[in-house]
2 protein chains.
Amino acid sequence: MTVLVLTSDEDVTADLVVARLNDTGIPVVRLDPADLPGGITLSGEYAHGAFRGYLSAGDRVVSMAGLRSVWLRRPGVPGARAAVPSGWLTEEASQALYGMLRSTGARWMNHPDAAARARHKPWQLRLAQHSGLQVPATLITTFPHAARDFARRFPDLVVKPVSGAHPQEPPRVVPTSRVAPDVDFTAVALGPTLLQHRVDKRADIRLTAVGDRILAARKAVAPGAHPDDIDVRFAPSEEPWRPVDVPPLVAEAVHRYLREAELAYGAFDFAEDPDGAWWFLECNQSGQFGFVEMDTGQPIARAVADWLAGP
Amino acid sequence: MTVLVLTSDEDVTADLVVARLNDTGIPVVRLDPADLPGGITLSGEYAHGAFRGYLSAGDRVVSMAGLRSVWLRRPGVPGARAAVPSGWLTEEASQALYGMLRSTGARWMNHPDAAARARHKPWQLRLAQHSGLQVPATLITTFPHAARDFARRFPDLVVKPVSGAHPQEPPRVVPTSRVAPDVDFTAVALGPTLLQHRVDKRADIRLTAVGDRILAARKAVAPGAHPDDIDVRFAPSEEPWRPVDVPPLVAEAVHRYLREAELAYGAFDFAEDPDGAWWFLECNQSGQFGFVEMDTGQPIARAVADWLAGP
């Protein structure tokens with residue numbers, strides 16, 4: 001039974017996982033959907049009530065009946081490397097590839113439906129609340145009056161994108177920023193705006209969940225850091241990520257979240273407040289983990305490989 | 001409890017359903033997501049473990065807690081009618097709107113995840129087989145040799161898109177066409193191609209499923225029709241659609257299909273062969289029903305309204 005890894009050619013994180021799988025002798029086929037059609041051949045036949053399908057690339061063939069798991073890591077856009085790319089070819093190639101893979105009984109990390117759903121921030125916030133995680137007061141609005149009312153009740157606010165990365169190539173990450181106290185919020189009418197009560201944080205927490213396994217890391221806010229340096233991705237900090245134990249109630253809530261979200265992998269971001277409480281910021285179903293593994297030595301790539309190799 | 005209808009302004013099919021809901025006194029709010037931001041205001045607050053949200057347009061307000069059901073009919077693209085449209089605004093507005101709606105307990109016709117999944121033709125074919133429907137032998141391939149082998153075994157073939165409509169504005173429907181007997185299939189390497197054993201059809205069947213309710217209509221192939229006129233959407237025919245009973249085994253299989261697909265609405269296309277057997281061609285989760293209702297008088301709009309008004 002084969003593990004199928006769908007990712008782009010240059011993906012050192014995937015390299016680590018594939019190397020680990022190779023070590024254990026589990027058959028692995030790694031493909032970039034951008035090579036369909038072209039480097040990848042696909043065929044699926046539905047006849048007499050049965051289905052037989054395969055994918056091949058170079059000398060590797062994977063039968064749909066022999067598929068153990070699919071790692072939807074950072075796949076390229078189907079059809080992108082065709083001689084004459086087009087929206088139509090991308091649609092045809094996507095439906096053919098993912099439609100066939102969806103017809104199998106393979107386990108997914110993560111299933112494309114779960115992945116698509118998990119990207120919705122409002123849904124994340126509600127699910128985090130339901131799961132028992134602490135969520136900072138948050139407003140998503142196009143109504144200036146609602147924004148002003150919220151800012152009266154929660155005077156110290158940050159603003160961040162509703163959706164995540166800016167959809168340009170390459171994606172541009174829009175940092176979380178502090179809201180100045182004198183903002184009049186008229187502009188929220190121009191586009192949905194996410195305002196969130198700022199957590200007076202002592203540390204950033206990255207919790208990586210792989211199946212039932214959770215590994216957390218903590219990056220302390222540097223002494224004397226400027227309170228406007230909100231976003232750990234942009235803050236100038238020499239503090240390393242260090243392994244940290246997960247409070248049992250948080251662990252339980254994270255497991256609930258993942259079950260409900262039907263995610264096999266999730267990268268949770270929390271802010272730790274002065275009392276040591278962890279406040280849920282978001283869960284990125286495709287979050288990177290290489291930087292955490294490098295700092296902490298936590299065996300995340302191995303956990304991913306073990307999950308993919310599972311029964 | 002309110003019914004929310006998401007569709008474009010010009011949608012006579014939605015008009016029929018909304019009129020029916022108005023008759024029964026069920027509150028209805030009809031919006032086009034293209035008007036967010038602008039004509040539509042959205043606000044959702046997550047604080048102290050609770051969630052309160054609403055949408056409003058003109059003088060109509062719908063609270064997320066008071067949402068009975070959502071009809072995802074033919075919604076415009078969020079942000080499309082903004083003063084300065086952009087991919088970024090569309091992404092932000094989509095996530096804000098659908099993320100908030102996904103946080104509610106409302107019933108969907110159809111849920112966006114189920115809708116997205118249901119568009120995959122290979123997945124449809126496999127599910128139809130599993131559900132007990134008869135599926136014509138089908139091959140989806142980029143491998144010329146596989147196409148030639150299939151054509152030897154099933155000499156009378158049609159070709160159709162894997163994905164459905166061509167993704168241009170307005171969408172262009174690509175007709176199903178007969179494959180000439182002397183085709184060499186080299187070109188399938190350029191893009192996944194769907195080949196299907198041609199059903200020698202006596203009639204087209206359109207089965208419309210609304211919740212547990214199924215209504216079928218039959219359009220006989222006109223006497224003397226040319227065998228190359230495969231596609232009912234393009235064939236020159238004066239034959240009307242007439243109501244027809246659904247064979248019990250087909251009805252059972254259709255119910256299984258819908259349960260598994262988690263669809264509240266589906267428009268199934270079948271081809272009836274000379275023995276009267278129905279061959280599954282596809283299930284369109286957003287298929288039109290106005291033309292069937294007009295010919296047959298079957299109360300489909302009413303069935304949709306009843307489902308949306310349900311508990």
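Reader: Taking contact as heavy atoms within 4.5 Å, which elements do the buried residues of helix 6 of chain B pack against?

Author: They pack against helix 3 (112–118), helix 4 (121–131), strand 12 (203–210), strand 13 (213–220), strand 15 (265–272) and strand 16 (278–284) of chain B. Helices (H or I, at least four residues) and strands (E, at least two) are DSSP runs numbered from the N terminus. This is a predicted model, with pLDDT of at least 70 needed for local features and 80 or more for side-chain atom pairs, while totals for chains, interfaces and linings use all residues. Residues are numbered from 1 along each chain, chains are lettered from A and ligands numbered from 1 as written, and side-chain values use heavy atoms, without hydrogens or water.

Reader: Nice, and which residues of helix 6 are buried?

Author: Val250(B), Ala251(B), Ala253(B), Val254(B), Tyr257(B), Leu258(B) and Ala261(B), where buried means under 20% relative accessible area, exposed over 50% and partly exposed in between (1.4 Å probe, protein chains only).

Reader: Switching topic: how is chain B laid on chain A?

Author: A turn of 180° and a shift of 0.0 Å along the axis do it, with an RMSD of 0.0 Å, superposing by least squares on C-alpha atoms of residues with pLDDT of at least 70 in both. The two copies are thus related as by a two-fold rotation axis. In chain B, Asp113(B) has the C-alpha nearest that axis, 3.0 Å away.

How values were computed. Contact = heavy atoms within 4.5 Å.
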